[in-house]
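Here is a short briefing to read with the model open beside you.

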2 protein chains.
Amino acid sequence: LLTLIIADAALETVPESLRDHTAVRRSAASRGKRSDEVLLDRSYHHAAMLRLKDHSRRGRPDLVHFALLEAAATPLYSEDRLRICVHMFGGKAIFMGEQVRLPRSYLRFVGLMEQLLQEGKVVSGGRRLLESVDMDFGGLVDRIGASSVVGLSRSGRPSGFEAVAEDLASEEDAALVVGGFPRGHFTAETASCLDQVFSVNRRPLEAHVVIARALYEYETQVLGK
Amino acid sequence: LLTLIIADAALETVPESLRDHTAVRRSAASRGKRSDEVLLDRSYHHAAMLRLKDHSRRGRPDLVHFALLEAAATPLYSEDRLRICVHMFGGKAIFMGEQVRLPRSYLRFVGLMEQLLQEGKVVSGGRRLLESVDMDFGGLVDRIGASSVVGLSRSGRPSGFEAVAEDLASEEDAALVVGGFPRGHFTAETASCLDQVFSVNRRPLEAHVVIARALYEYETQVLGK
């Protein structure tokens, strides 16, 4: 079983310091919510976010949405050969169940994440679709019990998608770690938990593109072409 | 130069027969538009659409949005080695310029497409970003001047992404045709213009997954790993 971890993901509820900002309260109110219940989103909270530490890496649920849809659309996931997790900026892990159909609509995805982060789980028909747990990245890696943790980053050792996939497929329970942020590198905390880091392309690639390519190559290794 | 054509795409303005439907008028009005100006969208117009011919293949701009974002996120496109076109259900072609950054927000994408279909083009800074032309699929293929037109469909001859990519890369100006609809096969009109049709996976794959994989394999052929 391969585990994909979307790490340092630009997904979080509005942090406390911004909850009284007028634009933040107004955008929450327009959706009938309080500002501590909504996701931080650069497209609505850009001005307010300028005060935040690391603001250029935060508040991009759309990027996490695409990355998750990409991973969940693979045969690998639909055949239960892939487990999908997110580790959020600020230290929460999200575990996705098997055969979960995420909403393709961004607004519905945001609503689902807000529900998850408030209630700690999303259950449907007695089945746990999503679970969120306060947990640092090391704790997530421990819980997964991965035999090898491989990160993809332009700061890593030059390699290619195919070689990385062969490497992952040679392990019983490997974890593949892809950054869920728009620019920059893994945080020091995340980087310290990676056994190996590879750079798979000379050019910067969006997270969903990296995920599509890495999972495709891994899939050809384990499910055939 | 490779051309990607997203064919029989589930993207169109609300057809005349549905423009007076209450739900359609209401959803258009909520965006300050008339019902002949907005895109047909299953998530708002589901009930009204049940009257429509081929309704299960229509009204999915979200699917076309993902497919376009996937293609435009490749190094292939950013290095001007890929031309991207859409052929819409009902017979209009969309030509995308070079280095166009499409909106990641679905609502902004819908607004952009509505503007394009009304005005016939979208220009920014003197540069034509998008153009829409009334044209059947054969006309689009002629205008592209493709030396070989290759479709991907589960009804095609069994092959693989890598083999298809090698085939495309061996041509000077090949066109790759991927269906832009949620289920079913190419329309007869589209199918009649394809030189070859390959099935690249035993499982049904979403358009954006097919595009990610096919363009990745093509890219490794022409730009290296």
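In strand β2 of chain B, B:Cys85 is the residue that stands opposite B:Ile5. This is a predicted model, in which local features need pLDDT of at least 70 and side-chain atom pairs count only at pLDDT 80 or more, while totals for chains, interfaces and linings use all residues. Residues are numbered from 1 along each chain as its sequence is written, chains are lettered from A and ligands numbered from 1 in the order in which they are written, and side-chain values use heavy atoms, with hydrogens and water left out.

**Strand β1 of chain B**

- β1(B) and β2(B) (residues 82-88) run parallel and are joined by six bridges; two strands pair if DSSP finds at least two bridges between them.
- Strand β7 (residues 174-179) of chain B also pairs with β1(B) in the parallel sense, over five bridges, and here B:Ile6 stands opposite B:Val178.
- Eight of the eight residues of β1(B) (residues 2-9) are buried, so the strand is largely enclosed by the rest of the structure.
- Buried means under 20% relative accessible area, exposed over 50% and partly exposed in between, with a 1.4 Å probe and protein chains only.
- Strands (E, at least two residues) and helices (H or I, at least four) are DSSP runs, numbered from the N terminus.

**The sheet of chain A**

- In chain A, eight strands make an open sheet with mixed pairing, in the order β4-β5-β3-β2-β1-β7-β6-β8.
- Its edge strands are β4 (121-124) and β8 (196-199), each of which pairs on one side only.
- From one strand to the next, the twist averages 25°; axes are lines fitted to C-alpha atoms, for helices over the stretch in contact, and angles run from 0 to 180 degrees between N-to-C directions.
- Strands β3 (residues 92-96) and β5 (residues 127-134) of chain A are antiparallel and share five bridges, with A:Phe95 opposite A:Glu131.
- Helix α5 (residues 106-119) of chain A packs on the sheet, touching β2, β3, β4 and β5 of chain A, and its direction makes about 60° with that of β5(A).
- Helix α9 (residues 207-222) of chain A packs on the sheet too, touching β1, β2, β6 and β7 of chain A, at about 160° to the direction of β7(A).
- Contact means heavy atoms within 4.5 Å.

**Aromatic rings**

- Over all chains there are six aromatic pairs: rings of Phe, Tyr and Trp (its six-membered ring) pair if their centres lie within 6.5 Å, and planes under 30 degrees apart count as stacked, over 60 as edge-to-face and the rest as tilted.
- A:Phe66 and B:Phe66 form an edge-to-face pair, because their ring centres are 5.2 Å apart and their planes lie at 80°.
- This pair crosses between chains, linking helix α3 (residues 61-72) of chain A to helix α3 (residues 61-72) of chain B.
- A:Phe66 is buried at 8% relative accessible area, and B:Phe66 is buried at 9%.
- One aromatic cluster is formed by A:Phe161, A:Tyr216, B:Phe161 and B:Tyr216.

**Charges over rings**

- A:Arg57 lies over the face of A:Phe181, 4.3 Å from the ring centre.
- The charged end of B:Arg143 sits over the ring of B:Phe95, 3.8 Å from its centre.
- A charge sits over a ring if NZ of Lys or CZ of Arg is within 6 Å of the ring centre and within 35 degrees of the ring normal.
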